[in-house]
Amino acid sequence: MTAAVELAAFVGADTVDAALAVAAEAGRFAESDLPAIVAHHADAPSSGNVVADESHSVQPGTGAWAGFGTTAAGAGS
């Protein structure tokens with residue numbers, strides 16, 4: 001809380017209060033999380049929290065591996 005009070009002296013109590021609410025909702029209370037949230041909100045106005053889910057992923061799928069280790073019927077005969 002000391003860090004939050006010190007940060008409020010620079011950016012204002014309302015800004016830090018809003019950042020604390022975001023931190024509480026996201027469960028982010030590491031040492032640099034609060035200043036990072038304040039900086040992010042200063043750069044991009046809040047449009048709500050982004051919640052990671054499995055509806056989209058940048059991880060490539062495993063479809064390329066589907067046939068690995070299998071042989072087609074009649075192949076190699």
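## Helix α1 and what covers it

What covers the buried residues of α1 includes α2 (13-26) and α3 (33-43), where contact means heavy atoms within 4.5 Å and buried means under 20% relative accessible area, with exposed over 50% and partly exposed in between (1.4 Å probe, protein chains only). The helices named here are DSSP runs of H or I with at least four residues, numbered from the N terminus.

In this predicted model, local features need pLDDT of at least 70 and side-chain atom pairs count only at pLDDT 80 or more, while totals for chains, interfaces and linings use all residues. Residues are numbered from 1 along each chain as its sequence is written, and side-chain values use heavy atoms, with hydrogens and water left out.

Helix α1 spans residues 2-11, and its buried residues are Ala4, Leu7 and Ala8. Seen down the axis of α1, these residues fall within an arc of 110 degrees, so they line one face of the helix; the arc is that of the directions from the helix axis to the C-beta atoms. The face turned away from this buried side carries the exposed residues Thr2, Val5, Ala9 and Phe10. Just after α1, Gly12 takes a positive phi of about 105 degrees.

## Ala36 in α3

Ala36 lies in helix α3 and counts as partly exposed because its relative accessibility is 44%. Its C-alpha atom is separated by 9.1 Å from that of Ala19, 17 residues apart along the chain.

## Confidence

The mean pLDDT of the protein chain is 81, and 81% of its residues reach 70 or more, pLDDT being the predictor's confidence in each residue, from 0 to 100. Among the elements of the chain, α2 has the highest mean pLDDT (91) and α3 the lowest (88).

Key
Helices (H or I, at least four residues) and strands (E, at least two) are DSSP runs, numbered from the N terminus.
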